[in-house]
Amino acid sequence: MANRIPRVKVREQDPKVRAANFEEVCYGYNDEEAALEASRCLDCKVPRCVGQCPVHVNIPGFIKKVAEGDLRGAAEVISVDSTLPSVCGRVCPQESQCEGACVLGIKSEPVAIGKLERYVGDWKIAHSDEVNVELPARNGKRVAVVGSGPAGLACASDLAKAGYEVKIFEALHKVGGVLVYGIPEFRLPKEGIVAKEVDEVRKLGVEIETDVVVGRTMTVDDLLDREGFDAVFVGSGAGLPRFMGIEGENLNGVCSANEFLTRANLMHAYDDEYDTPIYTGRRVVVVGGGNVAMDAVRTAKRLGADAVIVYRRSEAELPARVEEVHHAKEEGIEFRMLTNPVRVIGDEKGWVKALECVEMELGEPDESGRRSPVAKEGSNFEIECDVVIMALGTSPNPLIKSTTDGLETNRRGCIVADEEGHTSREGVFAGGDAVTGAATVILAMGAGRKAAKAIDEYLSAK
């Protein structure tokens, strides 16, 4: 019986070794391991896993092909719905989406859908020269996509497949958005994976121009009026970091996780061949409990610092992926739960020397259903450190809103868009983190695909 085969564990780098390098933590499945894991799938008549995937990949369909050894077929099944299988297989929170809905997970362990998707995606990259891309005739209509992150890449891919001439405008010098500046090399290799997935998008005929800051170099209105695009999709992400507003946050040695990770990832500060400045000191405290906090603290550890996570709730409320927390603990990261900073303490030269915190306890549930942390009176204590990294979430850069008349945003600075991506401006669509605030790669991809469909309907009706 398929469900009696135990889940095939994925091979990983030894924690003591990997805590000092930036090579990928997981090695992924080999052919035998993938075939065995694929054989566990029950091929349910009503696949709950598909319903929980934001882009609705035909999961049983591609897994069946893997079990049969037909990897080309598996890649073709995935490509109908997903542009970035190697990326999603690595960074999606499968445990709360597809794998979380797997029937096998009720009594044993779910099928390793993410690891199998990664396996197929990596096969596709390795055999990309053998896969012919058939493109439809161009329909004469042009769409501009702002941002080359997951939302922009997914939207551009679907539009190109539908016959549109698509051009992506990227503010940074590298293509990939959060995939290149936010997620560390040890979780998502940039040249071997991200760049290759982007190449697949280019093969669809999508043009990509870097170093174009929409809102500064040109505006959304310029794209529609002067450049002659028929519609614009805004997938510019959420790159504006949040801070706590506590005393001492302007001291030297305090930075956002966004800045820290951008220096390390996009600007190669971890690589001795680059002279990008990055400061970790002897001891780093990362404030926050999400995936970005895990990425920052594990990066700091690899750069040689003693690294600590400070989070105001208990471990049960940590929003980060279980796998990321597990890997961080294996690598020697210290977790200080129910702890909240109240002041950053500096020395006479204006550099961080400690973080003053209070102990917390959990009170009544808040609007989200999570129990609200309440400070214990008189429980103040200090954690000695050289660097404090704030990983408290991000919001969209206000540049596009401030230069686009009539584009509605909410109080968090996010562009207001409906489920299909329509904004308050005709011909302007939006999706991903620019609309939701910081979320996951797969949710951004799902939003990009929905917007592509809405753009197609809008332009077809004109």
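View 1. Glutamate 330 is partly exposed, with a relative accessible area of 32%, whereas arginine 18, at 0%, is buried (buried means under 20% relative accessible area, exposed over 50%, partly exposed in between, with a 1.4 Å probe and protein chains only). The structure is a predicted model, in which local features need pLDDT of at least 70, side-chain atom pairs count only at pLDDT 80 or more, and totals for chains, interfaces and linings use all residues. Residues are numbered from 1 along each chain as its sequence is written, and side-chain values use heavy atoms, with hydrogens and water left out. Glutamate 330 and arginine 18 form a salt bridge in which the closest N and O atoms are 2.6 Å apart (a side-chain nitrogen of Lys or Arg within 4 Å of a carboxyl oxygen of Asp or Glu). This pair links distant parts of the chain, 312 residues apart: glutamate 330 belongs to helix H15 (residues 322-330) and arginine 18 to helix H1 (residues 15-18) (helices, H or I of at least four residues, and strands, E of at least two, are DSSP runs numbered from the N terminus).

**View 2. The salt bridge between arginine 187 and aspartate 295.** The side chains of these two residues meet at 2.9 Å, N to O. Arginine 187 lies in the loop between helix H10 (178-181) and helix H11 (190-202), and aspartate 295 in helix H14 (residues 291-302). Both arginine 187 and aspartate 295 are buried. A network of salt bridges includes Arg187, Asp295, Arg18 and Glu330.

**View 3. The hairpin of strands S10 and S11.** Strand S10 (residues 339-346) pairs with strand S11 (residues 352-365) in the antiparallel sense over seven bridges (two strands pair if DSSP finds at least two bridges between them). Five residues separate the strands, and glycine 350 in the turn has a positive phi of about 85°. Threonine 339 stands opposite glutamate 359 in S11. Arginine 343 forms a salt bridge with glutamate 356, with the closest N and O atoms 2.7 Å apart. Arginine 343 lies in S10 and glutamate 356 in S11, so this pair ties together parts that are 13 residues apart in sequence.

**View 4. Isoleucine 455 in the largest nonpolar core.** This core has 78 residues, and Ile455 is one of those that touch the most other members (a nonpolar core is a set of buried Ala, Val, Leu, Ile, Met, Phe, Trp, Tyr and Cys residues joined through side-chain atoms within 4.5 Å). Helix H18 (residues 441-461) gives the most to the core, with ten residues.
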